Amino acid sequence: MSGEFAAPKGIPDYYPPASADFLAVRTALTDAAHRAGYGHIELPVFEDTALFARGVGESTDVVSKEMYTFADRGDRSVTLRPEGTAGVMRAVIQHGLDRGQLPVKVCYAGPFFRYERPQAGRYRQLQQVGVEAIGVDDPALDAEVIAVADEGYRRLGLSGYRLELTSLGDDTCRPQYREALQTFLRGLDLDEATAQRAELNPLRVLDDKRPEVKEMTAGAPLMIDHLSDSAREHFEQVRSHLDRLGVAYELNPRLVRGLDYYTKTTFEFVHDGLGAQSGIGGGGRYDGLMKQIGGKQDLSGIGFGIGVDRTVLALAAEGVSVAGEGRVEVFGVPLGAAAKDELVALAGELRSAGIRVDLAYGDRGLKGAMKAADRSGARFALVLGENELAERTVELKDLSDGAQSKVPLDGIVNDLVARLSGTR
């Protein structure tokens, strides 16, 4: 490592050229949401700590072990956001969006923060794209949310993933199931911390990744076998809609998400090319969350959070690059001060015409400047020297095949617009 400072442990930097893949992933995922009518919402990076303690669940690892919590200068306890749903629901309540047209459909993207042990795909600053649809409990909406995520992955060219799906029931069946699960867990030889978790939130025990706990709970009762008629009908309709939408899925009755607010439809996208951190996105329905954080109404919601970092890694595991075209389309090579003065102005005109342009700065020679042009990914280079200035022309070089031609300076903008739009 060079230099005195480095990024904090567990926080990745994204910089050119690799950052182009990161940006393309985030854009593709948000575009999929926008095509389904989800409007953008920008959330605070930190919120009142109690929002997450109440909304996410005090028994979760996220709240009990992983949150970045601190006192601000007014001695208020605030927390860097570990997830997006609680903040969205807070904004919906605060701004009265739940009293307008329903469902409220929003999309967001940005960094979230969890103090975890860093490893490949598990970062302390994780980048996510999320959507939330709040206010209507409709199985068709559940299917839409899942299909939006699936479409985002498919448009990126990702293929080696699978969608795991289950139902975590509702208030008509969860209490009875909780009792049955706790009875089962009390009969096991659990360590003290796990036994306490079983009393507070028994589903968390089924999410335990330790082999010995997984072995002990292999015969545990499953929520999918204890669904009420209404919860089962809801789940069957979700599956029917997914079938019609052509979204493939696998039933995983042991699927437990790491947040307490999930009910009914629950899902996770998994990519086995990532090793231990195989989850690349997931979500579910959350009945009761609005009331839990102080809403006067108790509207249901459904949403997901997709890991941009992990999706980038999944694409790399499949050997897929989504960076697309080069950094710029045109690269200017000035030979001399007068040529630079001319090309600086010309670059401004080209950018105004919607063309991405860079120049060889620093008075490089022709050879070094042309190497920079090749590295930029530009399709065309513009070479301007004393002779061209005298003729009021510029040498246009097609970097894909090496073809060269001289074009009048006063016509180069229109010429390049035509060439790059394919009309010439």
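Trainee: What makes β2, β4 and β3 an open sheet of three strands?

Mentor: The order is β2-β4-β3, with antiparallel pairing. Strands here are DSSP runs of E of at least two residues, and helices are runs of H or I of at least four, numbered from the N terminus. Two strands pair if DSSP finds at least two bridges between them. Three bridges join β2 to β4 (residues 77–80), so the pair meets that definition. Within this pair, F46 stands opposite L80.

Trainee: Why do β2 and β3 stand at the edges?

Mentor: β2 (46–48) and β3 (69–71) each have a single partner strand, so one side of each is left without a neighbour in the sheet. Neighbouring strands are turned by 35° against each other on average, direction ignored.

Mentor: Please keep in mind that this is a predicted model, where local features need pLDDT of at least 70, side-chain atom pairs count only at pLDDT 80 or more, and totals for chains, interfaces and linings use all residues. Residues are numbered from 1 along each chain as its sequence is written, and side-chain values use heavy atoms, with hydrogens and water left out.

Trainee: What packs on the sheet?

Mentor: Helix α2 (residues 49–56) does, touching β2, β3 and β4. Contact means heavy atoms within 4.5 Å. The direction of α2 makes about 80° with that of β2; such angles run from 0 to 180 degrees between N-to-C directions, and axes are lines fitted to C-alpha atoms, for helices over the stretch in contact.

Trainee: Why does L51 count as buried?

Mentor: Buried means under 20% relative accessible area, exposed over 50%, and partly exposed in between, with a 1.4 Å probe and protein chains only. L51 has 10% relative accessibility, so L51 counts as buried. L51 is in helix α2, and touches V56, A86, G87, R90 and I293, not counting residues up to four places away in sequence.

Trainee: What makes a set of residues a nonpolar core?

Mentor: The members are buried Ala, Val, Leu, Ile, Met, Phe, Trp, Tyr and Cys residues joined through side-chain atoms within 4.5 Å. The largest one here has 42 residues, and Y38, F267 and F269 touch the most other members. Its largest share, nine residues, comes from α5. Apart from it lies another core, of 25 residues, including I41 and F52.

Trainee: How do you know that α5 and α10 are oblique to each other?

Mentor: Their axes come within 8 Å and cross at roughly 45°. Angles under 35 degrees count as roughly parallel, over 145 as roughly antiparallel, 65 to 115 as roughly perpendicular and the rest as oblique. The pair is therefore oblique. Among the contact residues are A143 and I146 of α5 and H241 and L242 of α10.

Trainee: Why is β7 called mostly covered?

Mentor: Six of its seven residues are buried. β7 also pairs with β9 in the antiparallel sense over seven bridges, and R162 stands opposite V270 in β9. With strand β8 (residues 250–251), β7 pairs in the parallel sense over two bridges. There, E164 stands opposite E250.

Trainee: What makes α12 mostly covered?

Mentor: Seven of the 10 residues of α12 are buried, among them V308, D309 and R310. What covers them includes α1, β6, α5, β9, β10 (279–285) and β11. Just after α12, G319 takes a positive phi of about 70°.
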